[in-house]
Amino acid sequence: MGGALSLTIIALAYPAMLGMNNVSSTPDRIIAQTSSGPLTEADRDFVVKVRAAGLWEYPVGQMAVQKGTTKAVVTAGQHLISGHAALDATVRRIAPELGITIPNQPSPQQQGFVTTLSSDSGKQFDSDFANILRVTHGTIFNTVSKIRSTTRNTLVRQLADQANTTVLDHISVMEKTGLVNFDQVLFQETTPPKLPASDVTPPPPAPGAPEVVLTPPADSTEAPGASPSPSAG
């Protein structure tokens, strides 16, 4: 578990991006005026982070449903699938309106988490799954609250509301597995490793490539929480 967790803390903390292009990191700099309000670097990065999170946590949720050895781990996987499918639907709807290019793949670091969990089995999978996901969600939870309290863009604010509910739910289901090592998780959250930007930045989508869609399960009761702005009709 230690090896996987050592990579976790900045899974979602990649550099500021304009679409998918790196720019100077000035979170409160307004980069666009949209029909839903001004868009800052922090707003844009948040939308990209939500998309990138789903691109690795959704398949990991599928793994938990298939490989989890306890009902609690399987349930946690189901929550990941439903929650990120709903968040992703919101991101894909609002990104074009905000002029944000979203990735089709997670960052190399996030892909590494998927590889680690793919190679795990049995109780090792259960433990790594619960702890890796608890660290990532605990970390992004602070980002969600900051965006919610500072953004002036209504669509980003609505996405933050939805993400807040989803992330808190995912934190809760990870803890309910009974497998979270809180000492190690809190250490990882407060002592992030320093990785190069290339490891924590998702690659840009290939020109003309179809947009990846995270399909909600047939029995999902979750729905996207960010409504289109009036200009979207």
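Helices (H or I, at least four residues) are DSSP runs, numbered from the N terminus. The views below come from a predicted model, in which local features need pLDDT of at least 70, side-chain atom pairs count only at pLDDT 80 or more, and totals for chains, interfaces and linings use all residues. Residues are numbered from 1 along each chain as its sequence is written, and side-chain values use heavy atoms, leaving out hydrogens and water.

**View A. Phe125 and Phe129 within helix α5.** Phe125 and Phe129 are four residues apart in helix α5, so about one helical turn separates them. Phe125 is buried (under 20% relative accessible area), with a value of 0%. Phe129 also counts as buried, at 0% relative accessibility.

**View B. The aromatic pair of Trp56 and Phe113.** The structure holds two aromatic pairs (ring centres within 6.5 Å, using the six-membered ring of Trp; planes under 30 degrees apart count as stacked, over 60 as edge-to-face and the rest as tilted). Trp56 and Phe113 form a tilted pair, 5.1 Å centre to centre with 55° between the planes. This pair links distant parts of the chain, with Trp56 in helix α2 (residues 41–67) and Phe113 in helix α4, 57 residues apart.

**View C. Helix α4 packed with helix α5.** Here α4 (residues 108–119) and α5 (residues 122–150) pack at about 160°, their axes 9 Å apart (axes are lines fitted to C-alpha atoms over the stretch in contact; angles run from 0 to 180 degrees between N-to-C directions). That makes α4 roughly antiparallel to α5 (an angle over 145 degrees). Contact (heavy atoms within 4.5 Å) involves Phe113, Thr116 and Leu117 of α4, and residues of α5 including Phe125 and Phe129.

Technical notes
Helix = DSSP H or I, 4+ residues; strand = E, 2+ residues; numbered from the N terminus. Parallel < 35°, antiparallel > 145°, perpendicular 65-115°, else oblique. Buried < 20%, exposed > 50% of the residue type's maximum accessible area, 1.4 Å probe, protein only.
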